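Look at the model below before reading on. Keep it in view as you go.

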Amino acid sequence: MSFELQRKELMATKNFIAGVWQDAVAGETLSVNNPATGERVALVPNSDAKDAKAAVDAAAHAFEAWRTTPAKQRAVILKRWNDLIMACADDLGKIISSEQGKPLSEAVGEIAYAASYVEWFAEEATRANGDIIPQAVRGRKMSAYREPVGIVAAITPWNFPAAMIARKIAPALAAGCTVVCKPAAETPLTALALVKLAEEAGVPAGVLNIVITASSKEVADVWLDDARVRKITFTGSTPVGKHLAHESSRTLKKLALELGGNAPFIVFDDADIDAAVEGLMVAKFRNGGQTCVCPNRVYVQSKVYGTFLEKLTARVSALVVGPASNSASQIGPMINAKAISKIEEHVNDAVARGARVLTGGQRLFTEQRAESTYYAPTVLADVDRAARCFHEETFGPVAPITSFETEAEVIEMANDSPFGLASYFYTNDMRRVHRVTDALECGIVGVNEGALAAEAAPFGGVKDSGYGREGSVHGLEEYMHIKYVCQGGLE
Ligand code: SIN
């Protein structure tokens, strides 16, 4: 690993099951590689069904004690976890950068973002109140309690290796659930480091278990089949989300699915164009464009189209691309060769349909490494509405842009997608703000704002972008069910 950690023990490389750091039962391993160089960062267990089952056994064993632990005590442990994460932010950022590639300042920013969910849910743990229901029948008292759903299986992606773990595990623990977790095979080291700190914060043995594997299906199948697992929370692709929804129906698990997006970004001609350019820079180029909420389709009203393209191209062509180790880097490598091939296919397809490349449009640093995973930040103008990049998630630093004439036309285009995660629009017309917000089919709307996610806000989509919400008060409800109690014979 090219980074020195202050706390070297954070570089954990084993599964954590029942409070014990352990190898995979079968002894298999997988290599975690730095996407910038292809070099190995660490070897971790490549777990199979036996490890997955052991994790559920541990979570089942720990559940009764954890669910009956007073909420205040669970909150204290979560607050300690938050404090430890923040105290180790630099080390954790280095671990993210080494396995995921994002620039170090952005990685450290992700740690603060992750910790904000832990802190939020530590506070929410003590506010999971039930209801006393006004008397409906003489001699009866009715009430509703909130209870933890049980064992939660959390399956997390590689693009935000810390934040997605925190956003799922913190509310689960706050609610009194126990957890089995499978982070992405590309980025398990951040997850393991966070679990190490959770252990240090006092999360009891068996409450949080983590299984690393490249055989995601084998591990997920065990959790899908096991009726003791009561909830699956997943962030990832829509096909995998649909598979989980289908397969979990056998044991009727509760589900939260945060799936693919295809966000429209609309600039009306009455907008502050500089603010719209800055908003797109933040929304599109964060994490090199590898986010579910990043704009995939940019629609600019014809009167301001030329000005917008000119200003945006100047900003995008100035972005610094490079390894996380270079403090000037703003865009790191893409996660792997497959990811970069998809970006190339999308750009080539758009160009073949008549798009103009205003900046970028190619891989970088191929003279240093033929299989370079760096892609130049790209602006494509005059993109045909049938182009692949308008319909499939590109997951890269490419802003494809087209013009439009009327509000009705752009709303129709924005909603013409099976996905419905985020949408963005820029306007200074207050009436339009309400009209367009109401008309957009999605779970999250950015109005004159490019950075949307926050621990206090509900994050999630509609349509093929999934269901369930993360963060906010709704994020805790996802891990609880309601028990209605009717006490009779009181008169
Ligand atoms: C995601 O891309 O899945 C999460 C993005 C965010 O939290 O803003």
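The sections below cover the model, its cavities and its ligand.

## The model

This is a predicted model, in which local features need pLDDT of at least 70, side-chain atom pairs count only at pLDDT 80 or more, and totals for chains, interfaces and linings use all residues. Residues are numbered from 1 along each chain as its sequence is written, and side-chain values use heavy atoms, leaving out hydrogens and water.

## The cavities

The structure holds five cavities of 30 Å³ or more. A cavity is a set of points, on a 1 Å grid over the protein atoms alone, where a 1.4 Å probe fits but cannot get out. The largest cavity has a volume of about 90 Å³. The volume is the space filled by probe spheres set on the points.

Lining residues have an atom within 4 Å of a point. The largest cavity has 13 of them, and Phe160, Met164, Arg167, Glu258 and Phe459 lie nearest its centre. Domain 1 (8–259 + 465–484) and domain 2 (263–454) both give residues to this lining, so the largest cavity lies between them. The domain bounds come from an automatic or database domain assignment.

## The ligand

The ligand sits in the largest cavity, meaning that more than half of its atoms lie within 2 Å of the grid points. Around the ligand are 13 residues (a heavy atom within 4 Å). Tyr113, Arg167, Glu258, Arg286 and Cys292 come nearest.

Polar contacts are pairs of N or O atoms within 3.5 Å. A polar side-chain atom of Tyr113 lies 2.6 Å from a ligand oxygen. For a polar backbone atom of Cys292, the distance to a ligand oxygen is 2.7 Å. A side-chain N or O atom of Asn159 is 3.2 Å from a ligand oxygen. Taken alone, the ligand exposes 260 Å² (Shrake-Rupley method, 1.4 Å probe), and the protein buries 99% of that.

Technical notes: Polar contact = N/O pair within 3.5 Å; in protein donor to acceptor, adjacent residues only side chain to side chain. 1 Å grid on protein atoms, 1.4 Å probe; cavity = no way out; pocket = protein on both sides within 12 Å on 5 of 7 lines; lining within 4 Å.
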